[in-house]
Amino acid sequence: MRKKIWAALFLLTAAVNVIAWNSQAFCDWHVKHLFPLSVNLYGRLMSIFPFSVGEGMIALAVFFTAVAILLGIMCIFVRKGRIKRLISVFSRTYVRAYAWVFLAVFMIMTWNCFILYHASEFDETYMAQKAQRTYTDRELIQVRNHIVEELNALTEELERDENGFLVYQGDMKQEAVRAMQGLGEEYELLSGYYPRAKGIAASDFLSQQYMMGYYFPFSMEANYNTSMYVANVPATLCHELAHLKGFIYEDDANFIGFLACISSDDPFYRYSGYLSVLGYVEKEYKKASGKEEFDCLSIAKSVRSDDIFLTSEAWERVEEKAVVETAVVKAASNQFTETTLVINGVSDGMKSYSRVVQLLLEYYDGILYDSEFDLNGGAVLVEASAE
């Protein structure tokens, strides 16, 4: 009977995945009506714990997988006697339990992750008309200059320590919730309850993967790297919270994180938001500037200094504690992320992270320029950025 129940649940979950791959309407309905139950109920429950439950789950998964491997080895090499019988009985029980755990993981990942990859992206939902337009290098330069202008102004307002590093005095996690809820007043899918983000205990190991944060589908938590430079934290918190509203694509989460930060009344948050997309925009700008001469703003020295992942001191600590070389950890992490994205239908893998630039071009259409009324293949400037 248990085997039949297991098989029925497995087939049902597999069928849901097939439907998700073939029906965007179903996935959109799930994101709007069913997925919110995860964060509103389960997410609230997990928020009771001050530590990352998801991180603990991963540690347990590694432990039980190691036990399973050990049992398998013992079954091969222990041939007879009472120990052999005990191992056999324990192994059968362990395998049955492991099968149910596997099924639970499959079902949770389907509900809280796999389906989301086939739902409408942010611009399809909220900027559909602009998503159909083509933007040129001129629009890119205007967006780039605007972001640099904002960063150059904000960097003068922020508090720094004796070494020139940024300092934040407020409740950063609570401000992230306020920023996201404020954004929810304009974008319905982003409205509602948000748990406070949680720091990762193994942040040094996370740093070796060059990861700023994680969304855990198993615990409905937004987790962030506590070792990284403080300027990265606000945008990362909002990025991870965006996943809790069903926006699973990294470019969408990058853009939502940016939007939440620049909409905040907190100058530190606005600075983090603009800084979070500077690297992506600069990369595209450098490609464009090789084809044509553009007037562009220079990036302030302090802004360039803040555009880092970890401080040199933090990197030294990470490397001192490292059990495995950072290059090896990073390569393995990149391969895992790339494979996961491709399996879920993101054909360009980690390159999708940089699609945030397209979203920025769409967002600023009508603010810095207006492509709708340009009949000559370029942008009509609405509000000139400083040059």
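These legends walk through several close-up views of a predicted model.

**View 1. The whole chain at a glance.** Let us start with the overall picture. The chain has 387 residues, and 45% of them count as buried. Its secondary structure comes to 16 helices and five strands. Looking at contacts between residues at least 6 apart in sequence, 75% of them join residues at least 24 apart. The accessible surface is about 20100 Å², and carbon and sulfur atoms account for 60% of that area.

View 2. To find your way along the pairing, look for Gly-213, which stands opposite Tyr-224 in β3. Four residues lie between the two strands of this hairpin.

**View 3. Tyr-126 meets Tyr-187.** The chain holds 22 aromatic pairs. One of these pairs brings together Tyr-126 and Tyr-187 in an edge-to-face arrangement, with 5.0 Å from centre to centre and 70 degrees between the planes. Tyr-126 belongs to helix α5 (residues 122-126), while Tyr-187 sits in the loop between α8 (172-184) and β1 (198-199), so this pair ties together parts that are 61 residues apart in sequence. Are the two partners buried or exposed? Tyr-126 counts as partly exposed, because its relative accessibility is 26%. Tyr-187 counts as buried, because its relative accessibility is 8%.

**View 4. Tyr-363 beside Tyr-364, and the cluster around them.** Tyr-363 and Tyr-364 form another edge-to-face aromatic pair, 5.0 Å centre to centre and with 75 degrees between the planes. Tyr-364 has a relative accessible area of 3%, so this residue is buried. Now step back to see the wider group. Which residues do the ring pairs link into a cluster? They are Phe-122, Tyr-126, Tyr-187, Phe-247, Phe-255, Phe-258, Tyr-274, Tyr-363 and Tyr-364.

**View 5. Two arginines over tyrosine rings.** Finally, here are two places to look for a charge and a ring together. The charged end of Arg-44 sits over the ring of Tyr-193, at 3.9 Å from the ring centre. Where does Arg-144 lie? Arg-144 is found over the face of Tyr-285, 4.7 Å from the centre of that ring.

How values were computed: Residues numbered from 1 in each chain as written. Predicted model: local features only at pLDDT ≥ 70, side-chain atom pairs only at ≥ 80, totals over all residues. Heavy atoms only, no water. Pairing = 2+ DSSP bridges. Buried < 20%, exposed > 50% of the residue type's maximum accessible area, 1.4 Å probe, protein only. Contact = heavy atoms within 4.5 Å. Areas by Shrake-Rupley, 256 points an atom, 1.4 Å probe, with all protein chains shown as cover. Phe/Tyr/Trp six-rings, centres within 6.5 Å; stacked < 30°, edge-to-face > 60°. Lys NZ or Arg CZ within 6 Å of the ring centre and 35° of its normal.
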